[in-house]
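Subject: Structure handover and notes

Hello,

Please find the structure below, with my notes after it.

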Amino acid sequence: GKVPQADYYDHSGFEISDEFVEDIISRDFYKDLDIYKNKLMIIHGTKDTTVPYKISNRYLKLFYHPIFYPIENASHNYDNLEHINKVIELTCQFLSK
């Protein structure tokens, strides 16, 4: 829905400026992704409401051979120890290859 314009917004306890919001809205996050040819890992929680899970599907099509790990029932912030440990484990494995 519509949110009245303000200098700052409270997003789950984080202060987000209107300038930041306007900058994010103006960007095309899908443009030129195919030029990145290095190894890439995407980790995404299936219950992420901040960045919808379906966005990962779009990234998987646009990046060059990404590795994808969904974290079942994880939120955007990986709010429990099991999810956090899984992210750390996957990251360490990825970086050590």
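This is a predicted model: local features need pLDDT of at least 70, side-chain atom pairs count only at pLDDT 80 or more; totals for chains, interfaces and linings use all residues.

Residues are numbered from 1 along each chain as its sequence is written, and side-chain values use heavy atoms, with hydrogens and water left out.

Pocket and cavity

Both searches use a 1 Å grid over the protein atoms alone: a cavity is a set of points where a 1.4 Å probe fits but cannot get out, and a pocket is an open set with protein on both sides within 12 Å along at least five of seven lines. Lining residues have an atom within 4 Å of a point. Grid points are joined across faces, edges and corners, and a volume is the space filled by probe spheres set on the points.

The largest pocket has a volume of about 570 Å³. It is lined by 17 residues, of which His 11, Ile 16, Phe 20, Val 21 and Thr 50 are the closest to its centre. Strand S1 (8-11), strand S2 (14-17) and H1 each supply at least two residues of this lining, and H1 gives the most, with 6 residues. Helices (H or I, at least four residues) and strands (E, at least two) are DSSP runs, numbered from the N terminus. By type, the lining of the largest pocket has 10 nonpolar, 5 polar and 2 charged residues. Here Ala, Val, Leu, Ile, Met, Phe, Trp, Tyr, Cys and Pro count as nonpolar, Asp, Glu, Lys and Arg as charged, and the others, Gly among them, as polar.

Surface patch

Phe 20, Ile 24 and Phe 29 form a nonpolar surface patch with about 260 Å² of accessible area together. Patches are made of residues with over 30% relative accessible area and no salt bridge, with like charges joined within 9 Å and nonpolar side chains (Val, Leu, Ile, Met, Phe, Trp, Tyr) within 5 Å. Areas come from the Shrake-Rupley method with a 1.4 Å probe, and for residues only the protein chains shown count as cover. Ile 24 lies in helix H1 (residues 18-26) and is partly exposed at 31% relative accessible area (buried is under 20%, exposed over 50%, partly exposed in between; 1.4 Å probe, protein chains only).

Salt bridges

There are 2 salt bridges, each a side-chain nitrogen of Lys or Arg within 4 Å of a carboxyl oxygen of Asp or Glu. Arg 27 meets Asp 23 at 2.9 Å, N to O; Arg 27 has a relative accessible area of 48% and Asp 23 one of 31%. Lys 86 pairs with Glu 89, with the closest N and O atoms 3.8 Å apart. These two are 3 residues apart in helix H3, so about one helical turn separates them.

Backbone

Most residues other than glycine have a negative phi. His 65, in the loop between helix H2 (54-62) and strand S4 (67-71), has a positive phi of about 50° and is exposed at 60% relative accessible area. Asn 73 has a positive phi of about 65° and is found in the loop between S4 and helix H3 (81-95).

Regards
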